[in-house]
Structures are given as structure tokens and as C-alpha cells.
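Welcome to this guided tour! Keep your viewer open, and select each stop as we reach it.

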Amino acid sequence: QCDLNIYFDLPLSSSILTTLSKLFIPIFQGKTSIEKINILLAFIQKAIPYKTDQEQFGKERYMFAEESLFYPYSDCEDRTVLLGQLVTYFTGLPCVGLEFNDHITLAVNFPEEFNGDYILYQEHKYFICDPTYINAKSGMLSPDLKDEKPQIIVW
């Protein structure tokens with residue numbers, strides 16, 4: 001294991017990006033950045049079954065974005081790393097990881113303003129985009145995390 005920011009930093013391979021582009025580019029036509037990210041959120045929330053690392057591996061094990069597409073299950077940090085790579089590739093929007101006590105999620109700096117849960121980072125609003133909070137859209141933080149202040153993970 002290495003620091004979590006290293007996992008966020010390694011991009012997906014060109015073959016995976018080509019395959020995912022065939023899926024997402026047609027769907028993204030005419031969509032706002034919020035709509036695009038909501039599509040990516042729904043994809044990860046529903047296409048990749050959730051299991052903790054303890055359940056899947058018997059110990060904590062971070063995965064690189066590409067690994068999350070090949071293993072049968074992923075947990076919060078794995079989904080967040082994958083979402084970070086997809087957001088970066090398909091939208092180019094700045095994002096950061098958020099580390100809560102027992103949860104990792106993503107926050108994205110959108111060009112458009114909207115109502116939702118966000119953190120301030122370098123004087124910009126980064127809206128929560130949680131790939132583990134099932135059916136959550138951009139700007140929705142799980143109610144059980146509302147009182148926690150996360151550490152920011154930059155890559």
C-alpha cells in the first residue's frame with residue numbers, strides 16, 4: 001500500500017478509455033457537466049457491486065482505477081479513485097478526494113453554480129460526488145457525514 005493520492009494519480013489505460021469512450025461519449029452529447037457527472041456516478045454506483053476490502057480480501061487493499069473495473073467488488077476509496085479518473089478524462093474538471101473518518105469520496109469544482117453539499121478548497125466550491133452513496137447525485141453528502149470535516153486529498 002502507498003499513500004491514497006498515488007492511486008488517484010495513475011490514469012486509466014488507453015484501451016480502457018477507448019472502450020469507456022464508446023459507451024459514454026454518445027450519452028454525454030448535449031449534457032451539462034453536472035449531468036455528465038451524475039451519469040458517471042450512477043454508472044459506478046450501480047455497475048460495480050460494493051463490498052468492503054475486509055469482505056473481499058480479508059484486509060484493507062486500495063485499488064487503482066483500472067483494477068476496480070476488473071475485480072468483482074469495490075469499496076468507497078476504489079470507487080472514488082475510479083470516479084476521479086473518469087471525471088478528469090471526460091470533463092477535465094478539477095477534483096479532490098475527501099477522507100472522512102470511515103469513508104472516502106470525491107468533490108468536484110463545477111463551472112456552474114447549484115445547490116448542494118460542498119467543501120471550500122482554495123476559495124472554490126467543490127461539490128460532493130459520492131460513488132458509494134447509492135442514487136446520490138452531485139452535491140449530495142450522506143447525512144451521517146454532515147458533521148464531519150474531511151481531510152482533502154490532492155493529486
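Predicted model: local features only at pLDDT ≥ 70, side-chain atom pairs only at ≥ 80, totals over all residues.

Start by selecting Leu83, and show what surrounds it. Setting aside neighbours within four places in sequence, Leu83 is in contact with Leu40, Leu41, Ile44, Leu106, Cys129 and Pro131, where contact means heavy atoms within 4.5 Å. Leu83 sits in helix H6; helices (H or I, at least four residues) and strands (E, at least two) are DSSP runs, numbered from the N terminus. Is Leu83 buried or exposed? Leu83 is buried, because its relative accessible area is 0%; buried means under 20%, exposed over 50%, and partly exposed in between, with a 1.4 Å probe and protein chains only.

Residues are numbered from 1 along each chain as its sequence is written, and side-chain values use heavy atoms, with hydrogens and water left out.

Next, select Val87, Val108 and Phe110. These have the most contacts inside the largest nonpolar core, which has 33 residues. A nonpolar core is a set of buried Ala, Val, Leu, Ile, Met, Phe, Trp, Tyr and Cys residues joined through side-chain atoms within 4.5 Å. Helices H1 (4-9), H2 (14-28), H3 (33-47) and H6, along with strands S2 (104-108) and S4 (124-129), each supply at least two residues of this core. Helix H6 gives the most, with 7 residues. Apart from this core lies another, of 10 residues, including Val96, Ile119, Ile128 and Leu141. Zoom in on Val87 itself: beyond its neighbours within four places in sequence, Val87 touches Ile37, Leu40, Gly92, Leu93, Cys95, Leu106 and Val108.

Now for a pocket. Select Glu60, Cys76, Glu77, Asp102 and His103, which lie nearest the centre of the largest pocket, among 16 lining residues. On a 1 Å grid over the protein atoms alone, a pocket is an open set of points where a 1.4 Å probe fits, with protein on both sides within 12 Å along at least five of seven lines; lining residues have an atom within 4 Å of a point. Helices H4 and H6 (76-91) each supply at least two residues of the lining.

Keep His103 selected. His103 lies in the loop between strand S1 (95-99) and strand S2, and counts as buried because its relative accessible area is 12%. Which side chain does His103 meet in a polar contact of 2.8 Å? The partner is Asp130; a polar contact is a pair of N or O atoms within 3.5 Å, where within protein one must be able to donate a hydrogen and the other to accept it, and residues adjacent in sequence count only if both atoms are side-chain atoms.

Move on to Glu55, in helix H4 (residues 53-57). Glu55 counts as exposed because its relative accessibility is 52%. A polar atom of the Glu55 side chain lies 2.8 Å from the backbone nitrogen of Thr52.

Last stop: Gln122, in the loop between strand S3 (118-121) and strand S4. Phi of Gln122 is near 50 degrees, a positive value in a residue other than glycine.
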